[in-house]
Amino acid sequence: TILCTDDDFSKQIANQLIVSWNAAFGTYFNMLPLSEDELASRVAAGNYQIALTGFTADTFDPYAFLYQIQQVCPDTTFAELLETASSAEDFYAAEQSLLDRGLFYPVYLENSCFAQAPGVEGIYINRMTSLDFTGALKK
């Protein structure tokens, strides 16, 4: 069973994965859509076979992002590689260790950038939806 959030986008991705897995492996996978809170609770407790969930990087620090993954995907090898990582190549090796063993599989990646001129303030960014310019001021 693949767990996902109960929204159209997540269910569509889960369904596409299920169709390809069923065809590739000759088995039957099913989907269980859950509320965001229930999905987070099950993932935190390790109560899942496969979970379709998201990660949002709050910083540009690769350690912080990979540490988020480690919290829901505990693995001794990954933890050791992450703790000793000091270069881009080390962080890549840590991530690759999860990918190579099928413990973590990125389904899609979304990048976004925002540039702001000096002296501008009051612009708020909601990474999931939009930019809010209602409080924008130029000094």
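I looked up the pairing of β1 and β2 first. Strand β2 covers residues 31-34 and runs parallel to β1, with 4 bridges joining them. Strands here are DSSP runs of E, at least two residues, and helices are runs of H or I, at least four residues, numbered from the N terminus. I count strands as paired if DSSP finds at least two bridges between them.

This is a predicted model, where local features need pLDDT of at least 70, side-chain atom pairs count only at pLDDT 80 or more, and totals for chains, interfaces and linings use all residues. Residues are numbered from 1 along each chain as its sequence is written, and side-chain values use heavy atoms, without hydrogens and water.

I checked the partners next. Leucine 3 stands opposite leucine 32 in β2. Cysteine 4 has proline 33 in β2 as its bridge partner.

On to β3, residues 50-51. I find 2 bridges from β1 to β3, again parallel. Alanine 51 in β3 is the bridge partner of leucine 3.

I then read off the sheet. It is open, has 3 strands and parallel pairing, and its order is β2-β1-β3. β2 and β3 stand at the edges with a single partner strand each, so one side of each has no neighbour in the sheet. Helix α1 packs on this sheet and touches β1, β2 and β3 (contact: heavy atoms within 4.5 Å). The direction of α1 makes about 160° with that of β1; axes are lines fitted to C-alpha atoms, for helices over the stretch in contact, with angles from 0 to 180 degrees between N-to-C directions.

Last, I looked at burial in β1, residues 2-5. Ile2 and Cys4 on one side and Leu3 and Thr5 on the other are all buried (under 20% relative accessible area, 1.4 Å probe, protein chains only).

Technical notes:
Buried < 20%, exposed > 50% of the residue type's maximum accessible area, 1.4 Å probe, protein only.
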